Amino acid sequence: MPSPILQFGTSRFLQAHVDLFVHQALEQGQALGRITVVQTTDSRASARRVEAFNAPGGYPVRIRGRAGDTVIEQEQRVTAIEAGLHADRDWAAIRELAATSVQVIVSNTGDRGYELSDHDGPALLGAPTAPRGFPAKLLVLLHQRYMRGAAPVTLYPCELVANNGDVLRDLVRQLARAWGLDGGFIAYLGTGCVWVNSLVDRIVSEAIEPAGAVAEPYAIWVIEAKRKMVLPCTHPQIVVTDKLEPYERRKLFLLNLGHTFLAEHWLQYQRPKDETVLQTMSDPKPRAELEALWEQEVLPVFDALGEADTARDYLAQVRDRFCNPFLAHRLADIAQNHEEKKRRRLRPVVALANELQLPLAQPRLRAALRLAAA
């Protein structure tokens, strides 16, 4: 059956979050349908995952941790994947799918997923070859859909970028102009297609080979309400809101910042290569540094915004999640693309404190960012 949902990215996060949500919604008759997953890299691990997606029986997701006083240890077989395709090998099939049955496009293309490639250009619009960059891939697929007269789609970028839907829309429209495409198509991109800002939050600590993942019980997908948007599914852990920014700020400034600060400590002091978040949180010295960072350099920003209570409630959850004894979340994994993560996760806290004119020295953040003392 043709898929109504097209997903770019094969990551363990997507497997244990979006794909699991759709699987659970399908069981309740609450999803558009199954998902076709597109591998966009040459990674051998991704290729093994795509092969596994095409095998019968689905893949496992193990949920491990506590919800209140209840220990949760459960495994589900996710069968929401209709097919796994490779962008280079199966581009013709992906183009046909995107121009016909697809209603929703989901993506999580990593820290560098929005980068443009110098190899991409307008000659690829009708070519059998896939563009290199993800924005150009989207442009070609949406142009094909537009030329076939198909209805606009709803897009849910899940990359950890503030206003990810707006950012990706502007990037694709900018590319369309650079390629000299007509005004009708640019309007189709801007006011026809629905680019949704959203936030995904779940710690997915380990991959299972060849496909599957280990994750915590906590999960939420916060979606900014947009007129005419089509949801991939309804699910108890999907929140549709008119105010996404406070959710984004809490996750970025408390959970993501905390992870990256622990990774900075792990790199700086050359700690054991397999050290986990739990092990670092159990060591009094780095734990004290992280607690001081949250308390002295981050929470005052939330206080100034009038978000003190919600931030502290969320931080209490983050502490429990970091100390989940059932997960082995390696700092080596968190430290990948570390400098880019510091730029996205630490620098905005310093910038916002400056904007609010708060008298904060923020010595730990400034040291990590190699900024001069305030």
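Let me start with a definition: buried means under 20% relative accessible area, exposed means over 50%, and partly exposed is what falls in between, using a 1.4 Å probe and protein chains only. Two words on the background. This is a predicted model, where local features need pLDDT of at least 70, side-chain atom pairs count only at pLDDT 80 or more, and totals for chains, interfaces and linings use all residues. Residues are numbered from 1 along each chain as its sequence is written, and side-chain values use heavy atoms, with hydrogens and water left out.

One more convention before we look: helices (H or I, at least four residues) and strands (E, at least two) are DSSP runs, numbered from the N terminus.

Let's begin with helix α7, residues 183–192. Which of its residues are buried? They are F185, I186, Y188 and L189. Looking down the axis of α7, you find these buried residues within an arc of 150°, so they line one face of the helix. The arc here is that of the directions from the helix axis to the C-beta atoms. On the other side of α7, G183 and T191 are exposed. The cover over the buried residues of α7 includes α5 (134–147), α6 (164–178) and β8 (194–195). At the start of α7, please look at D182: a side-chain oxygen of this residue reaches to within 2.9 Å of the backbone nitrogen of G184.

Now for helix α3, residues 44–53, where the buried residues are S46, R49, V50, A52 and F53. They cover an arc of only 160° around the axis, which puts them on the same side of α3. The face turned away from that buried side carries the exposed residues R44 and E51. Among the elements covering the buried residues of α3 are α1 (12–16), β2 (35–39), β3 (59–67) and β5 (81–86). Contact, by the way, means heavy atoms within 4.5 Å. The N-terminal end of α3 is capped by S43, with a side-chain oxygen 3.2 Å from the backbone nitrogen of A45.

Next, a helix pair. Two packed helices are described by the angle between their axes and the distance between the axes. For helix α8 (residues 245–268) and helix α13 (residues 338–345), the axes come within 10 Å and cross at roughly 145°. Those axes are lines fitted to C-alpha atoms, for helices over the stretch in contact, and angles run from 0 to 180 degrees between N-to-C directions. The crossing of α8 and α13 is left-handed; that is, the near helix is turned anticlockwise from the far one by less than a right angle. On the α8 side, the contact is made by L252, N256, L257, H259, T260, A263, E264 and L267, and α13 brings H338, K341, K342, R344 and R345.

Let me stay with K341 of α13 for a moment. Is K341 buried or exposed? At 10% relative accessibility, K341 counts as buried. Leaving aside residues up to four places away in sequence, K341 touches D111, T260, D333, I334, Q336 and L346.

Two glutamates also deserve a visit. E297 lies in helix α10, residues 284–304, and E297 is buried, with a relative accessible area of 1%. Its side chain makes a polar contact with the side chain of R364, at 2.9 Å. A polar contact is a pair of N or O atoms within 3.5 Å; within protein, one must be able to donate a hydrogen and the other to accept it, and residues adjacent in sequence count only if both atoms are side-chain atoms. Among the residues that E297 touches, not counting those up to four places away in sequence, are V349, L360 and Q362.

The other one, E216, is found in the loop between β11 (213–215) and β12 (220–224). E216 is buried too, with a relative accessible area of 1%. E216 and L327 are 111 residues apart in sequence, and 7.4 Å apart in space, C-alpha to C-alpha.

Finally, some backbone details. The peptide bond from E209 to P210 is cis, with omega near -5°, and P210 sits in the loop between β10 (204–207) and β11. Q270, in the loop between α8 and α9 (277–281), has a positive phi of about 45° although it is not a glycine. Q270 counts as exposed, at 71% relative accessibility. Q362 also has a positive phi, near 45°, but Q362 is buried, with a relative accessible area of 2%.
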